[in-house]
Amino acid sequence: MTMTGQCLCGAVSYKVEGDLQMTGVCHCKNCQRQAGTAYSVLFAVGDDQIKIDGDLTTYDDTADSGNVVQRHFCPKCGSPIKSSLPTQPGVTFIKAGTLDDTSVLKPQVHFWTGSKQDWVDIDPDVAQIEANPG
Ligand SMILES: [Zn+2]
Ligand SMILES: [Zn+2]
């Protein structure tokens, strides 16, 4: 499977080869702030599965767990593209809303549901984790 995506302005684009390792929804407050919305949808791939064109700016964020989360975004339009965690080397978490075709997404887990916005209803068949296992 080959998937493509890009930021809002198109200065950053990417191509992903192979299978997604995990698709999840993160309800942490920091994702809400960065995305400007209720949650972020992301999928995990190996660093060797993704090729990015264009320059990204990085913000070193600290999660509630205390872990550093490097948030990479387009410096021109601000679209979040990917996150990486020094505690999980070799894995890239792509912000799934940047995919050209989002029909492949099927979230298997919701993280940080303790800070979920009240109006968001989660499918009871999908796993929920109140905090982050990491
Ligand atoms: Zn952009
Ligand atoms: Zn988050």
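The protein's secondary structure comes to 1 helix and 11 strands, where helices (H or I, at least four residues) and strands (E, at least two) are DSSP runs, numbered from the N terminus. This is a predicted model, in which local features need pLDDT of at least 70 and side-chain atom pairs count only at pLDDT 80 or more, while totals for chains, interfaces and linings use all residues. Residues are numbered from 1 along each chain as its sequence is written, and chains are lettered from A and ligands numbered from 1 in the order in which they are written.

Let's start with the overall picture. Along the sequence, the elements follow the pattern β-β-β-α-β-β-β-β-β-β-β-β. The radius of gyration is 14 Å, close to the 14 Å that the globule rule gives for 134 residues, so the protein is as compact as a globular protein of that length. Here the radius of gyration is taken over C-alpha atoms, and the globule rule is 2.2 Å times the number of residues to the power 0.38. The C-alpha trace spans about 35 × 30 × 30 Å along its principal axes. Of the contacts with a separation of 6 or more, 53% are between residues 24 or more positions apart; two residues are in contact if their C-beta atoms, placed from the backbone, lie within 7 Å.

Now to the sheets, in which two strands count as paired if DSSP finds at least two bridges between them. One open sheet has 8 strands in the order β6-β7-β8-β9-β4-β3-β10-β11, with mixed pairing. At its edges stand β6 (57-62) and β11 (127-128), each with a single partner strand, so one side of each is left without a neighbour in the sheet.

β6 and β7 pair in the antiparallel sense over 6 bridges, and Thr62 has Val68 in β7 as its bridge partner. The hairpin they form has 5 residues between the strands, and Gly66 in the turn has a positive phi of about 95°. β7 then pairs with β8, again antiparallel, over 4 bridges, with Phe73 opposite Pro80 in β8. This hairpin has 6 residues between its strands, and Gly78 in its turn has a positive phi of about 85°. Elsewhere in the sheet, β3 and β10 (residues 109-111) pair in the parallel sense over 3 bridges, and Val25 stands opposite His110 in β10.

There is also an open sheet of 3 strands, in the order β1-β2-β5, with antiparallel pairing. Its edge strands are β1 (2-6) and β5 (50-53), each pairing on one side only. Between β2 and β5 there are 4 bridges, and Val16 has Ile50 in β5 as its bridge partner.

A residue is buried if 20 or more other C-beta atoms lie within 10 Å of its own, exposed if 12 or fewer, and partly exposed in between, with C-beta atoms placed from the backbone. In soluble globular proteins, nonpolar side chains tend to be buried together. A nonpolar core is a set of buried Ala, Val, Leu, Ile, Met, Phe, Trp, Tyr and Cys residues joined through C-beta atoms within 7 Å. In the largest one, which has 18 residues, Cys26, Cys28, Leu42, Phe43 and Ile94 touch the most other members. The elements giving two or more residues to this core are β2 (13-17), β3 (22-26), β4 (40-46) and β9 (91-95), and β4 gives the most, with 3 residues. Leu42 shows how the parts meet: leaving aside neighbours within four places in sequence, Leu42 is in contact with Gly24, Cys26, Phe93, Ile94, Lys95 and Ala96. A second, separate core of 5 residues includes Cys7, Val12, Cys74 and Ile81.

Finally, here are two loop residues. Asp19 lies in the loop between β2 and β3 and counts as exposed because it has 11 C-beta neighbours inside 10 Å. Asp19 and Val45 are 26 residues apart in sequence, yet 7.6 Å apart in space, C-alpha to C-alpha. Lys76 sits in the loop between β7 (68-73) and β8 (80-84), and is partly exposed because it has 15 other C-beta atoms within 10 Å. Not counting residues up to four places away in sequence, Lys76 touches Cys9 and Ala11. Lys76 is also 20 residues from Leu56 in sequence and 9.1 Å from Leu56 in space, C-alpha to C-alpha.
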